[in-house]
Amino acid sequence: MSALAYEARGPASALAMGRWRRRSQLILRLRVVLPAIIAVIVLSLAGLVTYNSLAGAPAEPEESDAPIRLVNPRFMGRDAQGRSFVITANSAVRDEDDYQRVVLDRPAMVLDGEGLSPMRLSAQSGVFHEGDGLLRLQGDVSLNDPDAAFDTGSAVFDTTTGVLEGEGLITGAGPLGEIRAKSYGVYDKGERMVFKGGVSGTITPNSPR
């Protein structure tokens, strides 16, 4: 090899060596910087996910076993005599210890609504037990049908037998006039109404039905 050729290759090799060293240094820096950048990105994403999870998490309910509340509940069925009944209320709450026991607010009931003489009951509060079919009403109980209207303090209607009974003062007016008593019962599809205890009133046999 001539000296001229060696001199021609010498500067080129030095230049290439310089470029290789610079690339090597860049690669070394990237090997350090890139993992650091990736770590920062991963930590940032993890922090963002955690923040969004905490900020968007729904508030824990105050009571996980809170009673079931029903709005405008409706219970329907038929008694042993085939009469339909519909029980409604403004709201209701199922008993936590007895799921079939429902506490009613402002309950109302229509018995035999499809018949000729439907009976309507309403009260301030009540309890309906879906197991035994008893509807117990309390406070300003009102009993109305086409022939009579009575007010009393409490009433118990058996949706199975269709019998309505109550203990406590009852006052009102029926086909025969005004009446007062300490207890009462309605039987035989409403055809027979029995009053007991201190019964008094004004009898007007010709009172229009």
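Me: Among contacts between residues at least 6 apart in sequence, what percentage joins residues at least 24 apart?

Reply: The figure is 35%, where contact means heavy atoms within 4.5 Å. The model is predicted, so local features need pLDDT of at least 70 and side-chain atom pairs count only at pLDDT 80 or more, whereas totals for chains, interfaces and linings use all residues. Residues are numbered from 1 along each chain as its sequence is written, and side-chain values use heavy atoms, with hydrogens and water left out.

Me: How many helices and strands does the chain have?

Reply: The chain comes to one helix and 14 strands, which are DSSP runs numbered from the N terminus (H or I for helices, at least four residues; E for strands, at least two).

Me: Why is V32 called exposed?

Reply: V32, which lies in helix α1 (residues 3-56), has a relative accessible area of 59%. Exposed means over 50%, buried under 20% and partly exposed in between (1.4 Å probe, protein chains only), so V32 is exposed. Of the 209 residues of the chain, 27% count as buried.

Me: Why is R101 called partly exposed?

Reply: The relative accessible area of R101, a residue of strand β5, is 30%, and this value lies between the two limits, so R101 is partly exposed. Leaving out residues up to four places away in sequence, R101 touches V93, R94, D95, V127, F128 and H129. R101 and F128 are 27 residues apart in sequence, yet their C-alpha atoms are 6.0 Å apart in space.

Me: What makes a group of residues a nonpolar core?

Reply: They must be buried Ala, Val, Leu, Ile, Met, Phe, Trp, Tyr or Cys residues joined through side-chain atoms within 4.5 Å. The largest such core here has 28 residues, and I87, L104, L121, L135 and L164 have the most contacts inside it. Several strands supply at least two residues each, among them β3 (84-88), β9 (134-145) and β11 (164-174). Leaving aside neighbours within four places in sequence, L164 is in contact with residues including M119, L121, F157 and V186.

Me: How do you know that β12 and β13 pair?

Reply: Two strands pair if DSSP finds at least two bridges between them; β12 and β13 (residues 192-196) have five, in the antiparallel sense, so they count as paired.
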